[in-house]
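Subject: Structure handover

Hello,

Here is the structure I promised to pass on. My notes on what turned up follow below it.

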Amino acid sequence: MFLRLLALFIIVPAVELILLIKIGSKIGPLPTIALILVTGFLGAFLTKLQGALALANFRKAIFEGRIPKDEVLDGVMILVAGAVLLTPGFLTDAFGFLLLLPSFRKPVGKWIGRWAQKNVKVVSFDPRGPTGGPSGKATPDDGVIEAEAEIVDEKSP
């Protein structure tokens, strides 16, 4: 995994640099910089719109009593899209704009779901131990909280 990430962090910037140089030599430095700025601002604007829509869908799922797993995944992909759109480069911009399209996010989300089912193990932890008690041993009053109550006269200080 480390080598894959290392390759990603070396190869992607190298490809971006090559693309910037090649496109910059064709259209000139000022149009290249303008294009980078326009895609950054447009990407930020579209990310904000898609993020607001994802948040509304998240709230709707909560209101309906559903677990908003798809909505959370959408939100994460929109966040990634915003991050790569603010990164200067044509390859990352293309990927970011694609992630802002719901029709592209849906199959990517399914792929991520399949990957997670194969590679992610969910483990729960109960601090009370395996049988419920703090020492790991069940107690007769397990789950019972003892309390005392006192009636206070509202007139007295």
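A word on terms before the details: helices here are DSSP runs of type H or I with at least four residues, numbered from the N terminus. By that rule, Leu-55 sits in helix H2. Please keep in mind that this is a predicted model.

**Overall**

The protein has five helices and zero strands. Along the sequence the pattern reads α-α-α-α-α. Of its 157 residues, 20% count as buried. Take the contacts between residues at least 6 apart in sequence: 53% of them join residues at least 24 apart.

**H1 against H2**

H1 covers residues 2–27 and H2 covers 29–63. Their axes lie 7 Å apart, at an angle of about 125°. H1 and H2 are therefore oblique to each other. On the H1 side, the contact uses Leu-20, Ile-23, Gly-24 and Ile-27. On the H2 side, Pro-29, Pro-31, Thr-32 and Ile-36 meet them. By class, that contact has six nonpolar, two polar and no charged residues.

**H2 against H3**

H2 and H3 have axes that come within 9 Å and cross at roughly 170°. The two helices are therefore roughly antiparallel. H2 brings residues including Thr-39, Gly-40, Gly-43, Ala-44, Gln-50, Ala-54 and Phe-58 to this contact. H3 answers with residues including Glu-71, Val-72, Gly-75, Ile-78, Ala-81 and Leu-85. The tally for the H2 and H3 contact is nine nonpolar, nine polar and one charged.

Setting aside neighbours within four places in sequence, Ala-54 is in contact with Gly-75 and Ile-78. Next, Leu-55: how does it count by accessibility? At 40% relative accessibility, Leu-55 counts as partly exposed, because that class runs between 20% and 50%.

**H3 against H5**

H3 spans residues 69–86 and H5 spans 102–119. They pack at an angle of about 110°, with axes 10 Å apart. H3 and H5 are therefore roughly perpendicular. The crossing of H3 past H5 is right-handed. Leu-73, Asp-74, Met-77 and Ile-78 come from H3. Arg-105, Val-108, Gly-109 and Ile-112 come from H5. Sorted by class, the H3 and H5 contact holds five nonpolar, one polar and two charged residues.

**H4 and its cover**

H4 runs over residues 90–99. Which of its residues are buried? They are Phe-90, Thr-92, Asp-93, Gly-96 and Leu-99. Their cover includes H1, H2, H3 and H5.

**The core**

The largest nonpolar core has seven residues. They are Ala-54, Met-77, Ile-78, Ala-81, Leu-85, Leu-99 and Leu-100. H3 gives the most to this core, with four residues. Several core members have come up already. Ala-54 and Ile-78 touch each other. Met-77 and Ile-78 also take part in the H3 contact with H5. Leu-99 is among the buried residues of H4.

If you open the model now, I would begin with Ile-78. Ile-78 belongs to the core, to the H2 and H3 contact and to the H3 and H5 contact.

Best wishes

How values were computed. Residues are numbered from 1 along each chain as its sequence is written. This is a predicted model: local features need pLDDT of at least 70, side-chain atom pairs count only at pLDDT 80 or more; totals for chains, interfaces and linings use all residues. Side-chain values use heavy atoms; hydrogens and water are left out. Axes are lines fitted to C-alpha atoms, for helices over the stretch in contact, and angles run from 0 to 180 degrees between N-to-C directions. Angles under 35 degrees count as roughly parallel, over 145 as roughly antiparallel, 65 to 115 as roughly perpendicular and the rest as oblique. A crossing is left-handed if the near helix is turned anticlockwise from the far one by less than a right angle, and right-handed if clockwise. Contact means heavy atoms within 4.5 Å. Ala, Val, Leu, Ile, Met, Phe, Trp, Tyr, Cys and Pro count as nonpolar, Asp, Glu, Lys and Arg as charged, and the others, Gly among them, as polar. Buried means under 20% relative accessible area, exposed over 50%, partly exposed in between (1.4 Å probe, protein chains only). A nonpolar core is a set of buried Ala, Val, Leu, Ile, Met, Phe, Trp, Tyr and Cys residues joined through side-chain atoms within 4.5 Å.
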